Amino acid sequence: MDMKLALIFGEDLLGWQAINVAGHLALAIGRRADAEIMGQHPLVDATGIEHMGICRYPVIALRTNQGDLRRVVHAAKSWGVFLVADYPREMLDTYTDGELVSAIRAKSECSFEYLGVAVLGATSDVKRLTSGLPLWK
């Protein structure tokens, strides 16, 4: 199957915030995705040094406003065809896993401010979900 990973960020994120969000989302998806999303490992160069393989599928970075980001999160989860990792603001504002767990438990989803979401799925489904969203710049 032809697949794609889309990282969708809130348009107001600062550069360092987007990098933080991307790292956490990519690790979450990578940890839970099937092994076949990864390319060959190890990659060995001409001198015999090994390098870690990467995802065999395209990864795109997109941006959008908070309303569309919330819509994408909800649609991605409801369609049931994607592996989805979301990133509410509490993930950036807390320092420990315990603090994060408490912060998430204390709020209802409708009050979350999403900073990003990662969606892994069939290329055609990802394109349909993200249609019209601009690339991150």
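**Notes on the predicted model**

1. Charge. The protein carries 14 positive and 16 negative side chains, and 5 Å separates the centres of the two sets. These values, like those below, were computed from a predicted model.

2. Dimensions and surface. The C-alpha trace spans about 50 × 35 × 30 Å along its principal axes. The protein has 137 residues, of which 39% count as buried.

3. Elements and order. Five helices and six strands make up the secondary structure. In sequence order the pattern reads β-α-β-β-β-α-β-α-α-β-α. Among contacts between residues at least 6 apart in sequence, 76% join residues at least 24 apart.

4. The four-stranded sheet. Four strands form an open sheet in the order S4-S1-S6-S5, and their pairing is mixed. Strand S4 (59-64) and strand S5 (83-88) stand at the edges with a single partner strand each, so one side of each has no neighbour in the sheet. On average, neighbouring strands of this sheet are turned by 15° against each other, direction ignored.

5. The S5-S6 pair. In general, the strands of a sheet pair through backbone hydrogen bonds, in either a parallel or an antiparallel manner. Here S5 and strand S6 (residues 114-122) are antiparallel and are joined over six bridges. Asp-86 has Val-117 of S6 as its bridge partner.

6. Helices on the sheet. Helix H1 (residues 15-32) packs on the sheet, where it touches strand S1 (3-10), S5 and S6. The direction of H1 makes about 150° with that of S5. Helix H2 (residues 66-79) lies across S1, S4, S5 and S6, and H2 runs at about 40° to S6.

7. Glu-90. Glu-90 lies in helix H3, which covers residues 90-93. Is Glu-90 buried or exposed? The relative accessible area of Glu-90 is 10%; the cut-off for a buried residue is under 20%, and therefore Glu-90 counts as buried. Leaving aside residues up to four places away in sequence, Glu-90 touches Leu-100, Ala-103, Ile-104, Lys-107 and Phe-112.

How values were computed:
Residues are numbered from 1 along each chain as its sequence is written. This is a predicted model: local features need pLDDT of at least 70, side-chain atom pairs count only at pLDDT 80 or more; totals for chains, interfaces and linings use all residues. Side-chain values use heavy atoms; hydrogens and water are left out. Helices (H or I, at least four residues) and strands (E, at least two) are DSSP runs, numbered from the N terminus. Buried means under 20% relative accessible area, exposed over 50%, partly exposed in between (1.4 Å probe, protein chains only). Contact means heavy atoms within 4.5 Å. Lys and Arg count as positive and Asp and Glu as negative; His and the chain ends are not counted. The place of a charge is taken as NZ of Lys, CZ of Arg, CG of Asp or CD of Glu. Two strands pair if DSSP finds at least two bridges between them. Axes are lines fitted to C-alpha atoms, for helices over the stretch in contact, and angles run from 0 to 180 degrees between N-to-C directions.
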